[in-house]
Amino acid sequence: MELDETDRAILRILQEDARTPFSEVARRIDMSSATVHDRVSRLEEAGVIRGYHADIDPKAVGHGVGAFVGLRVEQGREEDALERLRGIDGVREIHLTTGEWDVILRVVAADTDRLRELMFDRIAETDGFSRSQTMVILGTDYEQPGPPL
């Protein structure tokens with residue numbers, strides 16, 4: 001789908017705050033609410049807008065520790081291993097990568113004891129991985145949701 005500048009303006013506003021009423025979006029880009037509604041519907045149908053989500057602070061809901069986990073996948077076991085990872089509570093993101101690690105996970109846990117359990121009892125026990133490295137997140141300096149528009 002080809003995006004024009006109006007689509008990008010709408011996306012920027014919704015990316016900043018997905019709860020912005022269409023009437024406010026329309027006012028900010030000098031368009032009717034009906035036109036904004038139609039454009040947003042088109043963007044949703046085309047899969048450009050994949051959903052609307054609350055940005056929840058992990059610490060506020062008991063997940064005070066985050067980590068990145070690099071995994072080396074055994075040849076021919078990728079799909080099965082990735083499927084098992086998707087079912088592990090605490091695994092928030094799974095990225096297929098190039099370089100030293102075939103897969104990089106972002107995980108969360110209540111504390112370092114729970115992180116250790118997650119790593120040793122759940123992830124390390126998953127068949128299909130030959131090596132791992134865990135990098136605990138000490139803090140996040142900058143985080144920007146969504147792609148640049």
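Reader: Which residues of α3 do Thr 6, Asp 7, Ile 10, Leu 11 and Leu 14 in α1 meet?

Author: The model is predicted. Contact here means heavy atoms within 4.5 Å. By that criterion, the listed residues of α1 meet four residues in α3: Arg 39, Val 40, Arg 42 and Leu 43.

Reader: Are α1 and α3 roughly parallel or roughly perpendicular to each other?

Author: Two packed helices are described by the angle between their axes and the distance between the axes. For helix α1 (residues 5-16) and helix α3 (residues 33-45), the axes are 11 Å apart and the angle is about 85°. Angles of 65 to 115 degrees count as roughly perpendicular. The two helices, α1 and α3, are therefore roughly perpendicular.

Reader: How is α2 oriented relative to α3?

Author: Helix α2 (residues 22-29) packs on α3 with the axes 8 Å apart and an angle of about 105°. This angle makes the orientation of α2 to α3 roughly perpendicular.

Reader: Which residues of α3 make the contact with α2?

Author: From α2, the contact is made by Phe 22, Ser 23, Val 25, Ala 26 and Ile 29. Sorted by class, the residues of the contact of α2 with α3 are 6 nonpolar, 3 polar and no charged. The α3 residues are Ser 33, Val 36, His 37 and Val 40.

Reader: What domain does the UniProt annotation assign to residues 3-64?

Author: The span of residues 3-64 is 53% helix and 0% strand, and its end C-alpha atoms lie 39 Å apart. In the UniProt record, an unreviewed entry, these residues carry the annotation "domain: HTH asnC-type".

Reader: Which residues does Met 1 touch, not counting residues up to four places away in sequence?

Author: Met 1 is found in the segment before α1. With those sequence neighbours set aside, Met 1 touches Asp 7, Arg 42, Leu 43, Ala 46 and Val 48.

Reader: Which residues lie nearest the centre of the largest pocket?

Author: The largest pocket holds about 2100 Å³ of space. Its lining has 23 nonpolar, 11 polar and 13 charged residues. At least two lining residues come from each of α1, β1, β2, β3 and α5. Nearest the centre of the largest pocket lie Ala 54, Asp 55, Glu 93, Arg 106 and Glu 143.

Conventions. Residues are numbered from 1 along each chain as its sequence is written. This is a predicted model: local features need pLDDT of at least 70, side-chain atom pairs count only at pLDDT 80 or more; totals for chains, interfaces and linings use all residues. Side-chain values use heavy atoms; hydrogens and water are left out. UniProt positions are given in the numbering used here, feature names are shortened, and annotations may be inferred rather than shown by experiment. Axes are lines fitted to C-alpha atoms, for helices over the stretch in contact, and angles run from 0 to 180 degrees between N-to-C directions. Angles under 35 degrees count as roughly parallel, over 145 as roughly antiparallel, 65 to 115 as roughly perpendicular and the rest as oblique. Ala, Val, Leu, Ile, Met, Phe, Trp, Tyr, Cys and Pro count as nonpolar, Asp, Glu, Lys and Arg as charged, and the others, Gly among them, as polar. On a 1 Å grid over the protein atoms alone, a cavity is a set of points where a 1.4 Å probe fits but cannot get out, and a pocket is an open set with protein on both sides within 12 Å along at least five of seven lines; lining residues have an atom within 4 Å of a point. Grid points are joined across faces, edges and corners, and a volume is the space filled by probe spheres set on the points.
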